[in-house]
Number of protein chains: 2
Amino acid sequence: MSVGQVDVSAILERGRSLTTPVLREAIGRLAPPMDIVGSYHFGWTDAEGNPATGAAGKGLRPAMALLSAQVPGADPKAGVPGAVAVELVHNFSLLHDDLMDEDEQRHHRATVWKVHGPEQAILVGDAMFALANEVLVESGGPEALRAIRRLTRATRALIDGQAQDLSFEKRDRVSVEECLAMEGNKTSALLACSASIGAVLGGAPDEHADALERYGWHLGLAFQAVDDLLGIWGDTAVTGKPSWGDLRQRKKSLPVVAALAAGGPASDRLARLLATPADGEETEEQLAERARLIEDAGGRAWTQEEAERRHRAALTALDDVPMDAEVRNAFVALAEFVVVRKK
Amino acid sequence: MSVGQVDVSAILERGRSLTTPVLREAIGRLAPPMDIVGSYHFGWTDAEGNPATGAAGKGLRPAMALLSAQVPGADPKAGVPGAVAVELVHNFSLLHDDLMDEDEQRHHRATVWKVHGPEQAILVGDAMFALANEVLVESGGPEALRAIRRLTRATRALIDGQAQDLSFEKRDRVSVEECLAMEGNKTSALLACSASIGAVLGGAPDEHADALERYGWHLGLAFQAVDDLLGIWGDTAVTGKPSWGDLRQRKKSLPVVAALAAGGPASDRLARLLATPADGEETEEQLAERARLIEDAGGRAWTQEEAERRHRAALTALDDVPMDAEVRNAFVALAEFVVVRKK
């Protein structure tokens, strides 16, 4: 896949291929059976422990971490400990969130708690979190403490975001601002860290790392807005997620929250429908009606515009950092990739 | 309580009183309701959120962290970030372990997952782990990275130990060596970190910190041996734990494992009894017989001797570190306190 003159697939592939061996070595350090469970989670083995061909995500975070090392002119490899640490924190949060949210599938595979039990999901998540710090400590450079500082801040935000997300489920109404704050914590914080941690390890000053964090923060919100759109209107065959998934769960995602805040007949009818507790499984017709009301109230268009606004803000943040044109073009292409994706 | 010329209660009290305000401030940073849940866990509030008088543990870890800062001649307060970080990691592991082990009570109070649900136990545990790093990063001194390195190593060991402990439950036999390795990870690693992290923050060389870790490591094994004895023969009214608790759970603790390894008639009979799966709740007579067999096979005496051996090894490790006589006497008294305790 290319965006403009940039081969985005190659950038993502470089991130995965430089990061995966270090990640596998780190997971291999865990006491049994955590090593096996970790390996299953990453898709390197199947539920029986046989080698598998991986079913990992897009690899956006490691790609960004390596790219950011090039900002101060370092070798992309200088970003590898940061890429591995960010991936470990991301996957620690997936293991725990899937258990808390009782999600049974991820990337078309049964989640760890379903296959290996809740204890292993908790424990291996904890171990990945600890390994993330271990990898940064071992990177040994003079910048390790600065990288740990940023990763710690992002991890705290990630956990705050999950707490907010869980608390929203128990509430009737959530404002657009609260939803954006939650999504910022849950999605943007770690993407912001990914986009800056390589730069820190490569010796960039904090001022440049902060600007790269702003790029990642806005991009995270764009990413999440697109995710929220796909969660309602995405093509199930492409996303691998159940159709109307977010509606079925009555998730207070951006399009819903924006539609409820908009006012008017469609917004009011949507609010009335959501005020009635679901009586068992809802029908396709009920879900389709809710999707239509969200669209009629302007929730879909607002979220699409929000993604575009955040996309532009991400690009503007890049203006504050000197870097080679090739590196800048790659950051621009990754941002484009995030906003136009179909899954 | 005094040991020799040293007032152990005062040392423990100093640790608690200097650490608790910083700990409370850190927990207060968490997004709601995690702040409330954390506060409940530490016993600062009851299940309804009303102020309570705390039901914390002995405070051995913070006391040691502060004392260890005095080894290189620093003010005990230099150890506070280390004490807080160690307490946060310890309590993160309690929150997750109580959930994994389905323990409903701790210090005579309902555990967090029973009161606030499994999600909050997972999430607040995660948050405490992240806060531990945050507090050390914020301590800002030149030694923060060295302290994080040691805390990370201890945390990884702690998680490995819990994985080993869980895996032992599914096995028929565990060797004495495996049991000691598990207890070393689960108990000694963090005590070793507690006894050295203040010294690191206070500027001690790694060689001295390593010797203090050895003191803490052996003391942790002595602590655990005593714990295992109390888990079978402790006075319920004093320990606050159910009578025959460890026997009822068929825990492969040191006295049991040592008794099974000893051979002879009592050992063989114990092995036969344990080979039969428990058919519902076991009677007091059945548990009492098992306790007697463990004692007859020498498991109780061996564990008592192990506690004494480890106690001596801890004191020997102190010989390798120069420090004021007052500080040395306090370390010696804390070790004595650990081995003679009744709860």
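**Figure 1. The interface between chain B and chain A.** About 3100 Å² is buried between chain B and chain A, with carbon and sulfur atoms giving 73% of that area. Buried area is the accessible area (1.4 Å probe) that two parts lose on being put together, summed over both. This is a predicted model: local features need pLDDT of at least 70, side-chain atom pairs count only at pLDDT 80 or more, and totals for chains, interfaces and linings use all residues. Residues are numbered from 1 along each chain as its sequence is written, chains are lettered from A and ligands numbered from 1 in the order in which they are written, and side-chain values use heavy atoms, with hydrogens and water left out. Chain B brings 32 residues to the contact, and chain A brings 32 residues. Contact means heavy atoms within 4.5 Å.

Figure 2. Two salt bridges are counted between chain B and chain A. A salt bridge is a side-chain nitrogen of Lys or Arg within 4 Å of a carboxyl oxygen of Asp or Glu. E134(B) pairs with R156(A) in a salt bridge, with the closest N and O atoms 2.8 Å apart. On the side of chain B that touches chain A, the elements giving two or more residues are α4 (80-100), α6 (118-139) and α7 (144-169) of chain B. Helices (H or I, at least four residues) and strands (E, at least two) are DSSP runs, numbered from the N terminus. α7(B) gives the most to this side, with twelve residues. By class, this side of chain B has 20 nonpolar, five polar and seven charged residues. Ala, Val, Leu, Ile, Met, Phe, Trp, Tyr, Cys and Pro count as nonpolar, Asp, Glu, Lys and Arg as charged, and the others, Gly among them, as polar.

**Figure 3. Helices α9 and α12 of chain A.** Helix α9 (residues 206-233) and helix α12 (residues 254-262) of chain A pack at about 90°, their axes 8 Å apart. Axes are lines fitted to C-alpha atoms, for helices over the stretch in contact, and angles run from 0 to 180 degrees between N-to-C directions. The two helices, α9(A) and α12(A), are therefore roughly perpendicular (65 to 115 degrees). From α9(A), A225(A), D228(A), L229(A), I232(A) and W233(A) meet L254(A), P255(A) and V256(A) of α12(A). This contact of α9(A) with α12(A) has seven nonpolar, no polar and one charged residues.

**Figure 4. Backbone exceptions.** Most residues other than glycine have a negative phi, and most peptide bonds are trans. P32(A) and P33(A) are joined by a cis peptide bond, omega about 0°. P33(A) sits in the loop between α1 (8-27) and α2 (34-41) of chain A. H107(A), not a glycine, has a positive phi of about 50°.

Note on methods. Angles under 35 degrees count as roughly parallel, over 145 as roughly antiparallel, 65 to 115 as roughly perpendicular and the rest as oblique.
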